[in-house]
Amino acid sequence: VAMTAKQISRRVAAVKTADAINMIEGAPVSDYAKMLSLSWAKGEITGEQMKAALLASHQKLAAQERNHV
């Protein structure tokens, strides 16, 4: 579904706000998460696709940490 420029602008603003809140809270956002968020904001991927990609990424990192110990 094509998004309007206004919808994209709102999503980009929401992503920037969320990233700023995370930084204030001491939880910096990874470059990968920022890239996924921007893709979602532009309507290139769905929210579910973004969540699935982030979950897979975190699971991979966790597995690497477990194997590294």
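Predicted model: local features only at pLDDT ≥ 70, side-chain atom pairs only at ≥ 80, totals over all residues.

Residues are numbered from 1 along each chain as its sequence is written, and side-chain values use heavy atoms, with hydrogens and water left out.

**Helix 1**

Select residues 5-24, which form helix 1. Helices here are DSSP runs of H or I with at least four residues, numbered from the N terminus. Helix 1 has 20 residues and spans 29 Å from its first C-alpha to its last, close to the 28 Å expected at 1.5 Å a residue. The expected span is 1.5 Å times one less than the number of residues.

Within helix 1, pick A20. A20 counts as partly exposed because its relative accessibility is 38%; the scale is buried under 20% relative accessible area, exposed over 50% and partly exposed in between, with a 1.4 Å probe and protein chains only. Draw a C-alpha to C-alpha distance from A20 to L55: the two are 21 Å apart in space and 35 residues apart in sequence. Then go past the end of helix 1 to G26, where phi is positive, near 85 degrees.

**Helix 1 against helix 2**

Two packed helices are described by the angle between their axes and the distance between the axes. For helix 1 and helix 2, the axes come within 8 Å and cross at roughly 155 degrees. The two helices are therefore roughly antiparallel. Axes are lines fitted to C-alpha atoms, for helices over the stretch in contact, and angles run from 0 to 180 degrees between N-to-C directions. An angle over 145 degrees counts as roughly antiparallel.

Which residues make the contact of helix 1 and helix 2? Show I8, R11, V12, V15 and D19 on helix 1, and K34, S37, L38, W40 and A41 on helix 2. Contact means heavy atoms within 4.5 Å. By class, this contact has 6 nonpolar, 1 polar and 3 charged residues. Ala, Val, Leu, Ile, Met, Phe, Trp, Tyr, Cys and Pro count as nonpolar, Asp, Glu, Lys and Arg as charged, and the others, Gly among them, as polar.

**Inside helix 2**

Now colour A33, L36, S37, S39 and A41, which are buried residues of helix 2. Their cover includes helix 1 and helix 3.

Centre on S37, which is buried because its relative accessibility is 12%. Leaving aside neighbours within four places in sequence, S37 is in contact with V15 and M50. Move to S39, which counts as buried because its relative accessible area is 12%. Not counting residues up to four places away in sequence, S39 touches E44 and I45. Just after helix 2, stop at G43, which takes a positive phi of about 80 degrees.

**Helix 2 against helix 3**

Select residues 47-68 for helix 3. The axes of helix 2 and helix 3 come within 9 Å and cross at roughly 170 degrees. This pair is therefore roughly antiparallel. On helix 2, show Y32, A33, L36, S37 and W40; they meet G47, M50, A53, L54 and S57 of helix 3. The residues of this contact divide into 7 nonpolar, 3 polar and no charged.

The last stop is Q59 in helix 3. Is Q59 buried, exposed or partly exposed? Q59 counts as partly exposed because its relative accessibility is 49%.

Conventions. Parallel < 35°, antiparallel > 145°, perpendicular 65-115°, else oblique.
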